[in-house]
Amino acid sequence: MDILYNSTRTKGSKVKASEAILKGLSEDGGLFVPERIPALDKTLKEFSEMTYGQTAYEVMKLYLTDFTEQELKDCIQKAYDEKFDTEEIAPLKEAGGAYYLELFHGATIAFKDMALSILPHLLTVSAKKNHVKNEIVILTATSGDTGKAALAGFADVEGTRIVVFYPKNGVSPIQEKQMVTQKGKNTYVVGIHGNFDDAQSGVKKIFGDKELASYLDEKGFQFSSANSINIGRLVPQIVYYVYAYGKLLQKGSIKDGEKINVVVPTGNFGNILAAFYAKQMGLPIDKLICASNENKVLYDFFRTGTYDRNREFVLTSSPSMDILISSNLERLIYHIAGNDPDKNKELMEMLSKGGAYTITDEMRGQLSGFYGNYASEEETGRTIRELYENTGYVIDTHTAVASCVYGKYREETEDKKVTVIASTASPYKFTRSVMDAIDHQYVKMEDFELADRLSEISGTKVPKAIEEIRTAAVLHDHVCDKTEMQKAVTDFLGV
Ligand SMILES: *Cc1c(COP(=O)(O)O)cnc(C)c1O
């Protein structure tokens with residue numbers, strides 16, 4: 001049965017999956033949500049015998065119902081290939097009493113690759129299906145990892161251009177170097193004076209500008225989004241939770257049907273929302289554990305029912321989670337409001353006007369499957385060091401936030417269910433923070449020296465993504481004020 005997509009803010013304007021992928025954001029400012037969440041139609045036992053690509057097909061076909069089998073399989077094949085440094089695509093590593101689901105084996109060594117290596121293909125197929133003649137311009141705000149993963153995914157993809165905005169002083173040196181060395185004639189990278197929320201708000205504003213859209217349409221361009229609000233990113237992220245469950249079953253770590261917990265280091269709420277969808281589809285997940293860094297707006301939300309972004313923005317060692325407006329939370333709000341766009345819209349308007357909203361008790365009652373907590377900077381560093389000292393396994397700062405929060409959860413609840421921690425970045429992407437956590441003496445070393453040292457102490461190879469930027473030339477040095485983002489876009493398009 002076909003699945004259509006509703007906006008979280010207006011009743012009744014259903015679109016097909018390919019249209020939702022093309023648009024990214026609905027015209028009313030809402031996010032696209034499937035009209036119902038499909039159930040898995042293969043058994044857990046069957047999933048336990050599947051490769052990553054097979055799992056991807058079985059999960060994604062349930063959502064992208066206007067794609068043919070061949071189209072979807074082609075997209076999957078182009079996405080999950082040698083760009084990943086392991087055939088497993090997303091290996092599970094046991095350490096310190098949990099299973100780390102390593103989502104960082106793609107081109108840019110962070111979990112964004114899981115979805116952004118397939119999105120360009122989903123998008124070009126969607127464009128063809130909908131007879132789009134315009135060139136598609138991907139506009140992206142990034143807190144560090146999305147930007148590079150989107151650039152890598154879209155570079156030189158015919159019929160597309162990509163513009164990435166990042167907070168000039170809000171990403172790690174390696175993240176910045178990865179982006180500004182991006183090749184591809186259709187790529188444009190701009191640092192803005194502002195933080196990630198400024199970049200994201202700026203991009204949303206450009207998207208919402210109808211006059212600009214019709215002007216660009218005349219010139220043969222139309223915008224789309226690679227941000228985690230696009231269902232073309234959300235759906236591929238559901239896959240690896242199903243895959244991880246299958247692998248645990250295959251290894252005999254769990255029994256068929258046994259419930260597991262999932263811990264996700266969270267920023268924009270996309271990754272954990274995908275886990276929520278996996279659970280709604282019938283995957284045996286008990287708790288969804290939402291881990292925040294010191295920007296703990298989600299922790300406060302789960303504790304109090306009030307979402308309040310009016311607070312100081314903290315720059316942490318897990319910059320991809322330095323976010324005060326978690327865009328994808330809107331989808332959860334819509335669902336717990338009984339799929340009611342009016343109620344959701346009211347809350348989102350409160351958020352955009354006053355920076356805060358409070359959900360009803362009835363809505364709160366539906367959040368019992370979630371647990372939220374956070375890790376301070378000090379706790380994050382300590383988690384990296386202790387796991388390394390106890391097991392030899394090195395995790396990045398984002399994963400450490402999750403690992404620390406899992407420790408707090410276990411202490412509070414004594415819940416011993418088998419637990420999967422989403423490991424969202426390679427430690428090589430945040431080498432300085434990681435090595436500093438392990439031993440302060442490393443502070444004096446250069447970035448690439450640190451990578452070599454990390455390789456020695458962890459017994460892992462320096463990833464290709466890092467080797468490549470050692471010597472790469474800087475190709476992008478544009479910087480602009482947060483109020484000049486639209487001009488940066490039109491300049492790049494030459495209109
Ligand atoms: C993007 C990102 C996150 C946060 O994921 P969301 O889907 O935005 O919640 C966590 N860790 C890393 C390394 C990331 O790149």
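In which loop is Asn339 found? Select Asn339 and look to either side: Asn339 sits in the loop between helix H14 (329-336) and helix H15 (341-354). Before going further, please keep in mind that this is a predicted model.

**Stop 1**

With a relative accessible area of 35%, Asn339 is partly exposed.

Now select Glu414, in the loop between H18 and strand E14 (419-423). Here too is a positive phi in a residue other than glycine, near 55°. Is Glu414 buried or exposed? Its relative accessibility is 61%, so Glu414 counts as exposed.

**Stop 2: Ser403 in helix H18**

Next, colour helix H18 (residues 397-413) and pick out Ser403, which has its place in that helix. Ser403 has a relative accessible area of 12%. The cut-off for buried is under 20%, and Ser403 is therefore buried. Show side chains around Ser403: beyond residues up to four places away in sequence, Ser403 touches Tyr100, Thr383, Ile395 and Ile421.

**Stop 3: the largest nonpolar core**

Now bring up the largest nonpolar core, which has 112 residues. Which of them touch the most other members? Select Tyr5, Leu64, Tyr241, Phe269, Ile333 and Tyr357 to see them. Then highlight helix H11 (residues 231-251), which supplies the largest share of this core, 13 residues.

Zoom in on Tyr5. Setting aside its neighbours within four places in sequence, its contacts include Ser13, Lys14, Val15, Lys16, Ala17 and Ala20. Also in contact with Tyr5 are Phe32, Val33, Pro34, Tyr63, Leu64 and Ile231.

**Stop 4: Tyr277 in helix H12**

Select Tyr277, found in helix H12 (residues 270-280). At 1% relative accessibility, Tyr277 counts as buried. What is in contact with Tyr277, leaving aside neighbours within four places in sequence? Show Val33, Pro34, Ile37, Tyr63, Leu234, Ile238, Arg331 and His335.

**Stop 5**

Move on to helix H8 (residues 173-180). Of its 8 residues, 6 are buried, so H8 is largely enclosed by the rest of the structure. The buried ones to select are Ile174, Gln175, Glu176, Gln178, Met179 and Val180.

What do these buried residues pack against? Colour helix H7 (145-154), strand E6 (160-167), strand E7 (187-193), helix H19 (431-438), helix H20 (447-458) and helix H21 (464-470).

**Stop 6: H19 crossing H20**

Two of those neighbours, H19 and H20, deserve a view of their own. Two packed helices are described by the angle between their axes and the distance between the axes. The axes of H19 and H20 come within 9 Å and cross at roughly 55°. That angle makes H19 oblique to H20, and their crossing is left-handed.

To display the contact, select Thr431, Arg432, Met435 and Ile438 on H19, together with Asp447, Leu450, Ala451, Arg453, Leu454 and Ile457 on H20. By class, this contact has 6 nonpolar, 1 polar and 3 charged residues.

**Stop 7: H9 crossing H22**

Finish with helix H9 (residues 196-208) and helix H22 (residues 485-493), whose axes come within 9 Å and cross at roughly 60°. H9 and H22 are therefore oblique to each other. Is their crossing left-handed or right-handed? The crossing of H9 and H22 is right-handed.

On the H9 side, the contact is made by Asp198, Ala199, Gly202, Val203 and Ile206. On the H22 side, select Met485, Gln486 and Val489. Sorted by class, the contact of H9 with H22 has 5 nonpolar, 2 polar and 1 charged residues.

While H22 is on screen, highlight its buried residues: Met485, Ala488, Val489, Thr490, Phe492 and Leu493. Then step just past the end of H22 to Gly494, which takes a positive phi of about 70°.

Notes
Residues numbered from 1 in each chain as written. Predicted model: local features only at pLDDT ≥ 70, side-chain atom pairs only at ≥ 80, totals over all residues. Heavy atoms only, no water. Axes fitted to C-alpha atoms, helices over the stretch in contact; angles between N-to-C directions. Helix = DSSP H or I, 4+ residues; strand = E, 2+ residues; numbered from the N terminus. Parallel < 35°, antiparallel > 145°, perpendicular 65-115°, else oblique. Left-handed = near helix turned anticlockwise from the far one by under 90°. Contact = heavy atoms within 4.5 Å. Nonpolar A, V, L, I, M, F, W, Y, C, P; charged D, E, K, R; others polar. Core = buried A, V, L, I, M, F, W, Y, C linked by side-chain atoms within 4.5 Å. Buried < 20%, exposed > 50% of the residue type's maximum accessible area, 1.4 Å probe, protein only.
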